[in-house]
Amino acid sequence: MSPVVGYSYIGWNQSKLGQPTWFADKRVRQAMTFLTDRQRIIEEIMMGYGEVAISPFNPRTEQHNKTLTARDYDLDRARELLQSAGFSDQDGDGLLEDSEGKPFSFEMVYFQDNQDTRRTVLLLKDLYARAGVRLVPKPTEWSVMLDLLKNKDFDAITLGWTSGLETD
């Protein structure tokens, strides 16, 4: 079997059905990165087989920008970014709300038949809750995922990308 390289990622939809989402704000996307404990996912779900991706290229190839560094899990930094984006716990229930009082709650679409992805989404649900963000898991059939992608009808989605060792 030939070796492959690849990565898993979360796509934050910035425009759902033609309307901007919370993820259109760069600070919110950055906060979500700080809330995503990628090293813990590697250790606990991938059983140590992997490394944090910081570009779409293998870090041992010429295409990879070696000056890039990973953003580590940082709950405090995430909270700062979310506050600067206008989110606060206005009613004391532990869940952040936007300036109009709408709770920061979103669905994350994932392929229902991948157990590692299911476990990852459940871990993320717990991690995000620490910052007052509610993730609602949405296990989905592959054909439905493709339709959601095509129509940009999702909040967040987790997918992966694989290729051979040679990049083009």
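Colleague: In which hand does helix 1 pass helix 3?
Modeller: Keep in mind that this is a predicted model. The axes of helix 1 (residues 26-35) and helix 3 (residues 75-84) come within 8 Å. Where helix 1 passes helix 3, the crossing is left-handed.

Colleague: Are helix 1 and helix 3 roughly parallel or roughly antiparallel to each other?
Modeller: Their axes cross at roughly 160°. Angles over 145 degrees count as roughly antiparallel. Helix 1 and helix 3 are therefore roughly antiparallel.

Colleague: How many residues of the contact of helix 1 with helix 3 are nonpolar?
Modeller: Helix 1 contributes R27, V28, Q30, A31, F34 and L35, while helix 3 brings L75, R77, A78, L81, L82 and S84. Among the residues of this contact, 2 are charged, 2 are polar and the nonpolar ones number 8.

Colleague: Which residue forms a salt bridge with R40?
Modeller: Look in helix 2 (residues 38-44), about one helical turn from R40, which means 4 residues apart. The closest N and O atoms of the pair are 2.9 Å apart, and the partner is E44.

Colleague: What is the N to O distance in the salt bridge of E80 and R77?
Modeller: Both residues lie in helix 3, 3 residues apart, about one turn of the helix. E80 is partly exposed at 45% relative accessible area, and R77 is partly exposed at 34%. Their side chains meet with an N to O distance of 3.3 Å.

How values were computed. Residues are numbered from 1 along each chain as its sequence is written. This is a predicted model: local features need pLDDT of at least 70, side-chain atom pairs count only at pLDDT 80 or more; totals for chains, interfaces and linings use all residues. Side-chain values use heavy atoms; hydrogens and water are left out. Axes are lines fitted to C-alpha atoms, for helices over the stretch in contact, and angles run from 0 to 180 degrees between N-to-C directions. Helices (H or I, at least four residues) and strands (E, at least two) are DSSP runs, numbered from the N terminus. Angles under 35 degrees count as roughly parallel, over 145 as roughly antiparallel, 65 to 115 as roughly perpendicular and the rest as oblique. A crossing is left-handed if the near helix is turned anticlockwise from the far one by less than a right angle, and right-handed if clockwise. Contact means heavy atoms within 4.5 Å. Ala, Val, Leu, Ile, Met, Phe, Trp, Tyr, Cys and Pro count as nonpolar, Asp, Glu, Lys and Arg as charged, and the others, Gly among them, as polar. A salt bridge is a side-chain nitrogen of Lys or Arg within 4 Å of a carboxyl oxygen of Asp or Glu. Buried means under 20% relative accessible area, exposed over 50%, partly exposed in between (1.4 Å probe, protein chains only).
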